[in-house]
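Take a look at the fold below.

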Amino acid sequence: MLLNDATYVLDEALSKFPKMRALEIELKDPTLSAEDGQKKQEELQTLGNQATSYMQLANETLEMMKLFTNALSDAFTMPEIVSRLASMLNYNLETLAGKRAAAELNVENREKYHFRPIQLLSDLVEIYLNLDGSDVFVEAVAADGRSFKIEVLDRVTTILSSRKQKDPADMARWEQLKARFKVAKATLDQAELDLGDVPPEFEDPIMGDLMRDPVLLPSKHIVDRSTIVQHLLSDPKDPFTRQPMTVDDAVPQPDLKAKIEQWREEKMQEARNKLAAAAVEAEAMDTTED
């Protein structure tokens with residue numbers, strides 16, 4: 001799967017550069033013995049060869065992802081895919097534009113390794129923009145508790161604008177998308193406070209969170225479709241009985257899905273109303289102070 005390939009090769013490639021940078025610094029130590037210097041030089045060479053191979057694959061894979069997310073955007077916003085895609089994009093964006101990126105990725109002769117961090121940032125942003133028509137994608141990006149950070153998005157804007165890496169129209173779209181991410185994040189945070197205890201019949205028994213697309217397994221247990229799809233990728237058995245099964249054996253539960261959607265939308269609307277009321281109150285206070 002393209003997403004799995006992109007996740008793997010980017011992680012393998014980008015994880016090499018901090019180690020290489022540390023070795024480059026150590027090799028400049030005048031007190032380093034010739035023997036230790038030789039060992040570190042060999043280690044640097046090995047890491048460099050690995051980084052070059054993975055970086056070439058990463059560049060090619062991102063090119064394919066740009067093409068496919070542009071032509072087949074719906075395929076990348078399916079429930080079993082979208083959260084993993086959002087996490088992958090956010091994680092690599094933070095790796096390339098986070099606070100430690102400049103120090104950890106600043107290896108010498110980057111072109112030698114086919115490592116073009118500004119181009120990588122531009123490619124990742126293009127993938128985000130290819131999917132900006134999907135509210136599901138926007139919510140998935142904002143819901144990523146591991147790597148989604150507003151300050152990283154702002155840093156990406158600064159980097160790409162200063163390097164004139166993307167045209168003004170794309171940068172304007174990126175700013176609009178960032179604003180939607182911020183609204184989605186605020187709404188999700190408020191909704192999480194308001195959700196309280198999820199009704200047991202709405203909760204995925206494996207992941208422990210709210211189901212979005214419940215399906216009935218041969219074992220008669222109900223789980224979210226994304227959960228069983230991920231499970232079957234590595235283990236083609238019913239997780240409860242260990243009997244062989246495929247994703248086709250998972251039976252949709254449309255009535256339960258409708259109930260979950262109604263309950264969730266009510267909670268989300270409550271969150272939106274609270275945020276809107278808070279904004280009005282804040283504006284009124286500003287007016288009073290003036």
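Two strands count as paired if DSSP finds at least two bridges between them. Helices (H or I, at least four residues) and strands (E, at least two) are DSSP runs, numbered from the N terminus. This is a predicted model, in which local features need pLDDT of at least 70 and side-chain atom pairs count only at pLDDT 80 or more, while totals for chains, interfaces and linings use all residues. Residues are numbered from 1 along each chain as its sequence is written, and side-chain values use heavy atoms, with hydrogens and water left out.

Start with the sheet. Strand 1 (residues 214-216) runs antiparallel to strand 3, and two bridges join them. Leu216 faces Val251 of strand 3. The sheet is open and has three strands, in the order 2-1-3, with antiparallel pairing. Strand 2 (222-224) and strand 3 (251-252) are its edges, each pairing on one side only. In general, strands of a sheet pair through backbone hydrogen bonds, either parallel or antiparallel.

Now step back to the whole protein. It has eleven helices and three strands. Read from the N terminus, the order is α-α-α-α-α-α-α-α-α-β-β-α-β-α. Along the principal axes, the C-alpha atoms fill a box of roughly 70 × 70 × 40 Å.

The domain assignment gives domain 1 (1-195) and domain 2 (203-287). Such bounds come from an automatic or database domain assignment. The centres of the two domains, taken over C-alpha atoms, are 28 Å apart.

How many residues of each domain are in contact with the other? Eleven from domain 1 meet 14 from domain 2, where contact means heavy atoms within 4.5 Å. About 1,200 Å² is buried between domain 1 and domain 2, and carbon and sulfur atoms give 66% of this area. Buried area is the accessible area (1.4 Å probe) that two parts lose on being put together, summed over both.

The rule finds two salt bridges between domain 1 and domain 2. A salt bridge is a side-chain nitrogen of Lys or Arg within 4 Å of a carboxyl oxygen of Asp or Glu. Arg264 forms a salt bridge with Glu139, and their closest N and O atoms are 2.2 Å apart.

On the side of domain 1 that touches domain 2, helix 4 (79-97) and helix 9 (168-195) each supply at least two residues. Helix 9 gives the largest share, seven residues.
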